[in-house]
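Open the model in your viewer and keep the selection tool at hand. We will go from stop to stop, with a short note on what to look for at each one.

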Amino acid sequence: HVEIEDEELSVQDDPLWHNASAKELNNCTIQYLESMKLNPTTKLKAKDKVTNLLLVILPFLAPPILLFALIFVKIPLSTFNSLTGRERFDLQKAAYHVKFALGFCALFSVSVYWDAFHDFDVATPPTQERITWSTGNPIGSFSGWQLVAYAFATMPTTEGTLKKSVLRVFGTLIGGFSAWAAIQATGDNKIGFVAWLTVTTFGAAYLSVDKGEDAERSRMKGSSPDFGYAGFYIVLTQAVICMEFLIGIKDGNELVASRIISNLTGIVAASIMAVIPPCVRGGDPKWTQLLLIEAKMAMKESIEALLKSDFDAVAAIKKRFSKTADSLRSDANYMLQDAKRLTVFVIFRVDSRLEKTLIEAGTTSSFLSLTLDRACELAKEGQFTLTEEDRKEFELVLAHVQSGNQFVKPEVNLGWKSSVGVVSNLLRVVQRRLVEHAAVLEDIRSGTVSQVVDEKEEEVAEVFEKISVTGDDQVENENGNGVVVGEIWC
């Protein structure tokens, strides 16, 4: 303990009150140390003891307090959001979480209570030239690495778990072999280990980034989201084995063998639990379909509110839909990216159309929000007054939203001249896009390979040409599927 004089704590400019805080900490520290003596010169009251104790130890308790807050508040809340699908309960996600917990508890119980597994050891006495398998001390040679491997191999989706398991097996085997080779080549030479790990880590990192056309993806995100985990586990496995060998925990062969066996045990357990139904498939169109359902519901409710001229309800619907749509889109994209890694994997491949459809569905939902915003702005400006023709148009749009069918040529065409006509035509564009997205998702679900020709792009180009020649903004397509200009404007 070094006493700090008050003069040393004083500063001329103290905008953050460091001076007062330092004095208080200094005084309570001195009192605390004084009270810890066998024969203290001053007696502190119980209240002062507690106050001084808290002031002294609180800075050191802050990290564990934050950790407990993370464990008991943030993680359960995040888990609850994941279980409920952000605002709705989803049985598949709930069952997937329960499966993970059951698998972890089962593996933990095996590790603790099954003596044959708990006491399993790989002994390599110096007199032996080969690894021999035996049971006995030291107890628990796996050191819980099977639990770590199980937890890290488990991903939010079945596809992601199986593919990451493959990458982790590859990384564990290569990393274990590299560590064994380092031990054989360098012995306990620390400089040799540094040189070995430097070269091999560079090689693993280089192999973990995308090349060619996908190089930009790795430049932005580091390792490849497709196969980057393999290099990560090569580096991790060899580094941990080498450090434990230098510390002297076990023999080199024993460390390599036990680490590989324990990791493979956890990886196999994670893979088994992932394929046990019910499964959460990131490549399932269901997650994108939830976004379309939400958009269709918001569109239906907003049109009904517009027909009643209840613009406060429209604003509330738009606010709720924007928040929910962002959450659903984020969830669907997160699971899709998890499922689509390791594209060379022969099973559990994700249909390439799904990502494009998710992006387009997100664009459509954002455009719906903008359209509802526009309707509310027009209402505030007093420009949203429904005539009899307006009502027919909105009722027609509502009928198609409820039926889920493509639009036929409308009986009433308000065009793009009137403000109300703009809103109804934009909603018609949204409806047509929702139907198209749903059709693609149904093809993906059924495994149908659609022979899609870029007819719409040709049609849009043709309309642009007509507009540029005639200057007419009321051009319709030949099939009578509504005003194409609306989609071009979109």
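This is a predicted model: local features need pLDDT of at least 70, side-chain atom pairs count only at pLDDT 80 or more; totals for chains, interfaces and linings use all residues.

C376 has a relative accessibility of 11%, so it falls under the 20% cut-off and counts as buried. Now move to another cysteine, C242, which is buried as well, with a relative accessible area of 1%. How many disulfides does the count come to? The answer is zero.

Next, zoom out to the whole chain. Coloured by secondary structure, it shows 18 helices and two strands. Of its 490 residues, 38% count as buried. The accessible surface comes to about 28000 Å², and carbon and sulfur atoms account for 62% of that area. If you draw the contacts between residues at least 6 apart in sequence, 69% of them join residues at least 24 apart.

Now for the interior. Nonpolar side chains tend to be buried together in soluble globular proteins. Select M299, I303, L368, F384, F394 and L427: these have the most contacts inside the largest nonpolar core, a set of 44 residues. Then show the elements that give two or more residues to this core, namely α12 (286-307), α13 (311-339), α14 (352-380), α15 (388-403) and α16 (419-446). Helix α12 gives the most, with 10 residues.

Stay here and centre on L427. Beyond its neighbours within four places in sequence, L427 touches M299, I303, L306, L368, T371, F394 and V397. Apart from this core lies another, made up of 10 residues; among them are A179, I241, V256 and the C242 you have already visited.

Your next selection is helix α6, residues 145-153. Which of its residues are buried? They are W145, Q146, L147, A149, Y150 and A153. Show their surroundings and you will find what they pack against: α4 (91-113), α5 (115-118), α7 (158-186), α10 (228-247) and α11 (252-275).

For the last stop, pick T201, found in helix α8 (residues 190-207). Is T201 buried or partly exposed? With a relative accessible area of 28%, T201 is partly exposed, because that value lies between the 20% and 50% cut-offs. Setting aside neighbours within four places in sequence, T201 is in contact with V235 and Q238. To finish, draw a C-alpha to C-alpha distance from T201 to I234: the two are 33 residues apart in sequence and 8.0 Å apart in space.

Definitions and conventions. Residues are numbered from 1 along each chain as its sequence is written. Side-chain values use heavy atoms; hydrogens and water are left out. Helices (H or I, at least four residues) and strands (E, at least two) are DSSP runs, numbered from the N terminus. Buried means under 20% relative accessible area, exposed over 50%, partly exposed in between (1.4 Å probe, protein chains only). Contact means heavy atoms within 4.5 Å. Accessible areas come from the Shrake-Rupley method with a 1.4 Å probe; for residues, only the protein chains shown count as cover. A nonpolar core is a set of buried Ala, Val, Leu, Ile, Met, Phe, Trp, Tyr and Cys residues joined through side-chain atoms within 4.5 Å. A disulfide is a pair of cysteine sulfur atoms within 2.5 Å.
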